[in-house]
Structures are given as C-alpha cells and as structure tokens.
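Work through the exercises below with the sequence and the structure in view. Each task is followed by a solution in steps.

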Amino acid sequence: MERKIIFAGPVGAGKTTAIGAISDIPVVSTEGAATDEVALRKARTTVAMDYGVLQLADGGKVHLYGAPGQDRFDFMWDILTVGGIGLVLMLDQMRPDPVADLEHFLDAFAGFVKRTEGAMVIGISRMDLRPGATVEPIRAKLLEKGWNVPVFEVDARERDDVRRLILALLSLVDPAVRRFR
Ligand SMILES: Nc1nc2c(ncn2[C@@H]2O[C@H](COP(=O)(O)OP(=O)(O)O)[C@@H](O)[C@H]2O)c(=O)[nH]1
Ligand SMILES: [Mg+2]
C-alpha cells in the first residue's frame, strides 16, 4: 500500500533533515539560495519541496513530502497535500514564539487535517539547544483549541526520533500498520 504524508513547519524546524534521516532513498530536494529574512538563519532553504520514501515491513511505501516553510511559498501547501493521508508538523523550540508558529500552521493546514479526520502529529525539534525548555506550552495551546494531537520531542537528525513520529501518525490512520525497521 502506498501512502503519502506531509511534513510542514517553519524554516529551520528540521523538515528536510527529518526526511533525510528516515528516507530509504537519497532525498530529492529543491533547495535554493535563501533570500530575505531566511538568509540570516541559513544559506540554503527548501523552495518547492523535499521528497523521500520509507519502505514498510509489509511491502508498503510511505512517500514523504516536505513543504517549504516560508509563507510566500504557501501556494505549494495546497498542491503538496493532495492525496496525503496525514501531517507531521515540525516546530522549532529555538524560534522566538513556537506557540505562535503552532497557531499559524494549525490555521494553514486545518482543512487538510480535517479531510484526514485528524491524522496529525507534532514534533518539537532543537530542544537540546534550549536547556529547560518543555513542550508544555504547545500541549496547553492544543488543549485550549480542542486539538487532540500527539506531541513528541524530536531531534530531526535522529532516525529513531523521526521513526517514532511517523509510526505514531501511521497508527492514527491505520492501527494495524506494521512496524518498520
Ligand atoms: N541541535 C539540533 N539541531 C537540529 C535538530 N533538528 C534539526 N536540527 C538542525 O537544524 C537545521 C535546520 O534543519 P532543516 O532540516 O534544514 O530545516 P527545514 O527548514 O525545516 O527543512 C539543520 O542544520 C539540522 O541539522 C535538533 O533537534 N537539534
Ligand atoms: Mg527544508
């Protein structure tokens, strides 16, 4: 069975890294030189999408699509979500206001998440860079807004962390999904 999942979130949250950490093929990226405010954060950024594939133990495939983080590419978000079965929202603990980022992306992807009947998980990255940070403010905001979404601390560079995130999403969609290595 073939399934498509989407990674979304702000620039620098670790979407490209996460897909690279878990994909069984070298990631296909459309990175370009960063311009405007993003150039202050990193030299290259995803301008259209990232693509990777994860092979499941049962022979199934999960197609992994990373959406560009910048709002001016938000027209890509509607294109990328077509046929998707779930959303991984990556948030970055080092951003000035991760809770504001959460609200922004919940609004932007609400239609998609509704179509998938709530197939969404959240990964909070770069926790290691801010000692003492917790995911509680994110959980509190989700609760306040009535979103029942699993939240994980992830290091996007760690395959096991990304794996846990994707397994959680797949089991929301299909509780019988087989484990993968
Ligand atoms: N220290 C640390 N760095 C991370 C973590 N997750 C991702 N990164 C780094 O953050 C940077 C931005 O990641 P990238 O995948 O380009 O973000 P994207 O814009 O969402 O695609 C990369 O240098 C990653 O290696 C984490 O949990 N801890
Ligand atoms: Mg990227």
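**Exercise 1. Backbone angles in the loops**

Task: Then examine Glu-117 and Arg-126 in the same way.

Solution. The model is predicted.
- Step 1: Glu-117 has a phi near 55°, a positive value in a residue other than glycine. Glu-117 belongs to the loop between α3 and β6. With a relative accessible area of 76%, Glu-117 is exposed, because exposed means over 50%.
- Step 2: Arg-126 is a residue other than glycine with a positive phi, near 60°. The loop between β6 and α4 contains Arg-126. Its relative accessibility is 33%, so Arg-126 counts as partly exposed.

**Exercise 2. The sides of two helices**

Task: Which residues of α4 are buried, and which exposed residues does the face turned away from them carry? Repeat the search for buried residues in α1.

Solution. 
- Step 1: Helix α4 spans residues 136-145, and its buried residues are Ile-138, Lys-141 and Leu-142. These residues lie on the same side of α4 because they cover an arc of only 100° around the axis.
- Step 2: Leu-143 and Glu-144 are exposed, on the face of α4 turned away from its buried side.
- Step 3: The cover over the buried residues of α4 includes β5 (86-92), α3 (98-115), β6 (120-125) and β7 (151-153).
- Step 4: In α1 (residues 15-22), the buried residues are Lys-15, Ala-18, Ile-19, Ala-21 and Ile-22. Their arc around the axis is only 160°, so they are on the same side of α1.

**Exercise 3. Aromatic rings**

Task: How many aromatic pairs does the structure hold? Describe the pair of Tyr-51 and Tyr-65.

Solution. A pair of aromatic rings is described by the distance of the centres and the angle of the planes.
- Step 1: There are five aromatic pairs in the structure.
- Step 2: For Tyr-51 and Tyr-65, the ring centres are 5.0 Å apart and the planes stand at 50°, so this pair is tilted. Tyr-51 is in strand β3 (residues 44-55) and Tyr-65 in strand β4 (residues 61-66); the two are 14 residues apart, and their pair links distant parts of the chain.
- Step 3: Tyr-51 has a relative accessible area of 18% and is therefore buried. Tyr-65 is buried, with a relative accessible area of 18%.
- Step 4: Phe-73 and Phe-75 form a tilted pair, 6.4 Å centre to centre with 55° between the planes. Phe-73 counts as buried at 14% relative accessibility.
- Step 5: Trp-77, Phe-105 and Phe-109 are linked by ring pairs into a cluster.
- Step 6: The ring of Tyr-65 also has a charge over it: the charged end of Lys-4 sits 4.7 Å from the ring centre.

**Exercise 4. The chain as a whole**

Task: How many helices and strands are in the chain, and in what pattern do they follow along the sequence?

Solution. 
- Step 1: The chain has five helices and seven strands. Along the sequence, the pattern is β-α-β-β-β-α-β-α-β-α-β-α.
- Step 2: The chain has 181 residues, of which 51% count as buried. Its accessible surface is about 8800 Å², with 53% belonging to carbon and sulfur atoms.
- Step 3: Among contacts with a separation of 6 or more, 68% are between residues 24 or more positions apart.

Methods:
Residues numbered from 1 in each chain as written. Chains lettered and ligands numbered in written order. Predicted model: local features only at pLDDT ≥ 70, side-chain atom pairs only at ≥ 80, totals over all residues. Heavy atoms only, no water. Helix = DSSP H or I, 4+ residues; strand = E, 2+ residues; numbered from the N terminus. Buried < 20%, exposed > 50% of the residue type's maximum accessible area, 1.4 Å probe, protein only. Contact = heavy atoms within 4.5 Å. Areas by Shrake-Rupley, 256 points an atom, 1.4 Å probe, with all protein chains shown as cover. Arc of directions from axis to C-beta. Phe/Tyr/Trp six-rings, centres within 6.5 Å; stacked < 30°, edge-to-face > 60°. Lys NZ or Arg CZ within 6 Å of the ring centre and 35° of its normal.
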